Amino acid sequence: MPQLGLLHGRAWAVLFGQLRRPPGAVCIRAVHSHSQVAEAALATQLKPHQEKSNFIIKTPKGTRDLSPQQMVVREKILDMVVSCFKRHGAKGLDTPAFELKEMLTEKYGEDSGLIYDLKDQGGELLSLRYDLTVPFARYLAMNKVKKMKRYHVGKVWRRESPTIVQGRYREFCQCDFDIAGQFDPMIPDAECLKIMCEILSGLQLGDFLIKVNDRRILDGIFAVCGVPESKFHAICSSVDKLDKMSWKGVRHEMVAKKGLAAEVADRIGDYVQCQGGVSLVKQMFQDPRLSQNKQALEGLGDLKLLFEYLTLFGIAEKISFDLSLARGLDYYTGVIYEAVLLQTPAHAEEEPLNVGSVAAGGRYDGLVGMFDPKGHNVPCVGLSIGVERIFSIVEQRMKTFGEKIRTTETQVFVATPQKNFLQERLKLIAELWDAGIKAELMYKNNPKLLTQLHYCENMGIPLVVIIGEQELAEGVIKLRSVASREEVAITRENLVAEIQKRLSES
């Protein structure tokens, strides 16, 4: 019968098409044949997978699932980060996971090759967002916003060979804070560095240092050393690798791969291997070559002012002026910074974990103008917290010390020692939920009391309310502390108040 019904339906469709089809219209039979071809092609694609007896279920390379235990830790990290952003007056913002491809191209320099392109699905060429900064600049230009302090937590995607042991993934979460608008120099920049210090101190990851430089100083160094302007971005990208490669390796890349004269590379080496504090800023002011470059002098002047503000904020000792810091992204125009852990383990028992920088950012005054039809710029400065890398450190610490993580926030468990008390348990738990108390019960009609109490101990639930025949007859509920195993009888009308009192004291 189903086959007959199908034939009847097709015949009806063809008949209807013949009666109603205008001249030159496509025949439904032809459309149907196209859909059959498509279905056959799909079946051919799927068939090999279905026939594989050794099919491996796995996540895509460079991605991972997060277990409930991992999610608890991740959410705590994110809560601390976001609460700091809010404390500094930031508003939340979200943007699509993908953007028009043209919005992302030519914004990242050599890293543009890592952008994930999507197939054309609706007449638009799209790409997954590479970071949260370019979408923010697009948002400001599109909505003609001239001033904004915003934070954004979201996933980004990079088509690179992932090194999972270093906390690098193809899909990962970023936490960004940015200040957009025209303000007096270095005040927003200093606040960004203060925020980085607050977050890294609050997360107790161990000692850290924030390296600071300025792209104008770097460009000035390249200019006075004899780098052709057309090679500035390429050479900047090489310098950016000094945290992963020796100067010898970076110099080889500049000369052998990027065609820079050896003597020019050597002159650059004299500068980019320098680091220090405000005294190095003053020293660079006196440098006979660098002091002749207008761009470099502007950058040095801003850094001198920045260190004054950082001293007032009480964080100057955490900041190092490091001429090797380059930040490879093309959109940076001024001050740039990057936080690294000096000693990843906070305890001697831990193994060192090489995770690279855990936070970074800088000033990008020209990015919004790249989206604005009239080229109107909105100066911006911001930072990004490396959540995945921080998470790798915290995760390792948990394994080292065998810390037990509660995966739920349940405060009270509703239990019974007797059969046929499901209805009473349901009424009781509804009262607790309605009062805003986080409560659970066992999804069984007649669970054993010992099973219920063991569940509470295993899940770390602090309180149990017990209702049975005796409690029902006396109009009371037993309230039990899971840790001490002490029980008290509480009248039904006072139960919620007593639970709330105990929870507030714990």
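These legends describe close-up views of a predicted model.

**View 1. The buried side of helix α9.** Helix α9 spans residues 247–257. Four of its residues, W247, V250, E253 and M254, are buried. They lie on the same side of α9, because they cover an arc of only 125° around the axis.

**View 2. The opposite face of α9.** Exposed residues sit on the face turned away from the buried side of α9. They are K248, A256 and K257.

**View 3. Neighbours of α9 and the residue G259.** The buried residues of α9 are covered by elements that include α8 and α10. Helix α8 runs over residues 232–239, and α10 over 262–272. G259 follows α9. The phi of G259 is positive, near 70°.

**View 4. The second largest pocket.** This pocket has a volume of about 380 Å³. Its lining comprises 15 residues. Closest to the pocket centre are V73, K76, L203, V394 and E403.

**View 5. Helices in the pocket lining.** Two or more residues of the lining of the second largest pocket come from each of α3 (68–87) and α14 (387–401). Helix α3 supplies the largest share, five residues.

**View 6. Residue classes in the pocket lining.** The lining of the second largest pocket has eight nonpolar residues. Five charged residues and two polar residues are also part of this lining.

Technical notes: Residues are numbered from 1 along each chain as its sequence is written. This is a predicted model: local features need pLDDT of at least 70, side-chain atom pairs count only at pLDDT 80 or more; totals for chains, interfaces and linings use all residues. Side-chain values use heavy atoms; hydrogens and water are left out. Buried means under 20% relative accessible area, exposed over 50%, partly exposed in between (1.4 Å probe, protein chains only). The arc is that of the directions from the helix axis to the C-beta atoms. Contact means heavy atoms within 4.5 Å. On a 1 Å grid over the protein atoms alone, a cavity is a set of points where a 1.4 Å probe fits but cannot get out, and a pocket is an open set with protein on both sides within 12 Å along at least five of seven lines; lining residues have an atom within 4 Å of a point. Grid points are joined across faces, edges and corners, and a volume is the space filled by probe spheres set on the points. Ala, Val, Leu, Ile, Met, Phe, Trp, Tyr, Cys and Pro count as nonpolar, Asp, Glu, Lys and Arg as charged, and the others, Gly among them, as polar.
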